[in-house]
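Please work through each task before reading its solution.

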Amino acid sequence: MYYLSKITPFFFVKAFVFLGLSLFLRHSQDWILFVLLLIYGFVGSMLVGAMYQIVPNSQNRRLFLPQLSYLTFFFNITALLLFLISQRLLGSVFLLFSYILFSVSILPTVKNRQPITVKFLLSSWFFLILSALFLLLSQVGIVPFQLAVHSLTVGSLLNAVYGVELAWIPMLTMTTLNFKDALRFFYAKQFSTLLMLLSFYINTINLLAFASLVEFALSLLFLLQIYRLLKQRRIRVPLPMVVKFFLFGMGLLPFGLLVGVVMSFERALTPFLVGIHYGLLIYGFAVFTVFGGVAHLLPRILYTWRFSGVQGVSISDLVDELAFPTFFKFSIVFYLLFLLFSLFPHPASLVSSVIYLTLLLYFAKLTFLKGLSAFLSLSQYYN
């Protein structure tokens, strides 16, 4: 690990805190607050935190003005707290400003734009900024709120996930990515995203349905690319746990997008299907992808932070690796139970939030709590 982002673990923790808070708002009357916490509190925080670590290392360079990352964190969490007290316009201003500060550090860091992952990450950055701008404009009635949400999810989130997985899966499975195929997929993804956002802006049912179908088709095409990568493996050893989390999450993506396709054709079904839609895409696809990413990045960040030059300490000391195969099976069962109980009428559906919160606490125990306790105890021992 060439560069260490010390702010990244704090963004990760903040993201999981707001993911947990969103569970308590799923059945509340304030649907917009729920979406703000889920999308900007969880997804947005994860994207910013991950890019602070991944982008400089993709360039083998230090982050430009790393001190700004702490200001970014301050303005970002201030925005989310303002959302909680119903100051949404002011919160949107703070959120946009935090992303602008983020841009000041990220953009000058990127000198080599040729790697396919860097292209996807720069696109993710662009749609992140666009989402914050649309959110601000939506608060004064200029653009629809859904345009801001989908700029972050379909635009920023999917570009980031596609880009990172096209780098990490070949690296972790020792296979070779076909750059030309990946580049064609990159341009197709930018077209589909712009088409989707245009359909939300002009609010045309036929265009939204077509855009949804295109996005669904691209998710299947991405799965085909990953299948071709895994087919290259000559040594049939078990897949790394990170890749297993990625694959399960990616398997949920087409189903979530397909629900979106159905909603675009039959808007009368939206009140019933919207919970399944974000249950598959955010609580499913996004969270399982994050499980894999955090389990891989967090212990390496903590190790580089304090122990990279210390003999007798390894990355595995900072994460409970032996428990992850059991957790992976546990997480799938609990997630499916979460989806099932989410379909029940209120108040029985509240059980789904308890099930999912149990899943999050189990993951936190294996990663954040294990990492923090080991970091503190080993630091004291080696001082």
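An axis here is a line fitted to C-alpha atoms, for helices over the stretch in contact, and angles run from 0 to 180 degrees between N-to-C directions. Helices (H or I, at least four residues) are DSSP runs numbered from the N terminus. The model is predicted, so local features need pLDDT of at least 70 and side-chain atom pairs count only at pLDDT 80 or more, while totals for chains, interfaces and linings use all residues. Residues are numbered from 1 along each chain as its sequence is written, and side-chain values use heavy atoms, with hydrogens and water left out.

**Exercise 1.** Determine how the axes of helix 2 and helix 10 are oriented, and which residues meet.

*Solution.* Begin with the geometry: the two axes come within 11 Å and cross at roughly 30 degrees. Helix 2 is therefore roughly parallel to helix 10, a term for angles under 35 degrees, whereas those over 145 count as roughly antiparallel. Next, the crossing of helix 2 and helix 10 is left-handed, that is, the near helix is turned anticlockwise from the far one by less than a right angle. Then list the contact (heavy atoms within 4.5 Å). From helix 2, W31, F34, L38, I39, F42, V43, M46, Q53 and I54 take part; they meet V274, Y278, I282, Y283, A286, V287, V290, V294, L297 and I301 of helix 10. Finally, the classes are 18 nonpolar, one polar and no charged residues. In this scheme Ala, Val, Leu, Ile, Met, Phe, Trp, Tyr, Cys and Pro are nonpolar, Asp, Glu, Lys and Arg are charged, and the others, Gly among them, are polar.

**Exercise 2.** Repeat the analysis for helix 2 and helix 3: at what angle do their axes cross?

*Solution.* The axes of helix 2 (residues 31-59) and helix 3 (residues 68-84) come within 10 Å, with a crossing of roughly 170 degrees. Helix 2 is therefore roughly antiparallel to helix 3. On the helix 2 side, the contact includes L33, L36 and Y40, and on the helix 3 side it includes L68, T72 and F83. The contact of helix 2 with helix 3 comprises ten nonpolar, five polar and no charged residues.

**Exercise 3.** Find how many cavities of 30 Å³ or more the whole structure has, and describe their linings.

*Solution.* On a 1 Å grid over the protein atoms alone, a cavity is a set of points where a 1.4 Å probe fits but cannot get out; lining residues have an atom within 4 Å of a point. Grid points are joined across faces, edges and corners, and a volume is the space filled by probe spheres set on the points. The search finds two cavities. The largest cavity has a volume of about 300 Å³. Of its 22 lining residues, M46, A50, V161, T289 and V290 lie nearest the centre. Helix 2 supplies the largest share of this lining, seven residues. The lining of the largest cavity divides into 19 nonpolar, two polar and one charged.

The second largest cavity holds about 50 Å³. Among the residues lining the second largest cavity are M51, V55, I106 and W125. Helix 2 and helix 5 (116-138) each give at least two residues to that lining, which has eight nonpolar, two polar and no charged residues.

Definitions and conventions: Angles under 35 degrees count as roughly parallel, over 145 as roughly antiparallel, 65 to 115 as roughly perpendicular and the rest as oblique. On a 1 Å grid over the protein atoms alone, a cavity is a set of points where a 1.4 Å probe fits but cannot get out, and a pocket is an open set with protein on both sides within 12 Å along at least five of seven lines; lining residues have an atom within 4 Å of a point.
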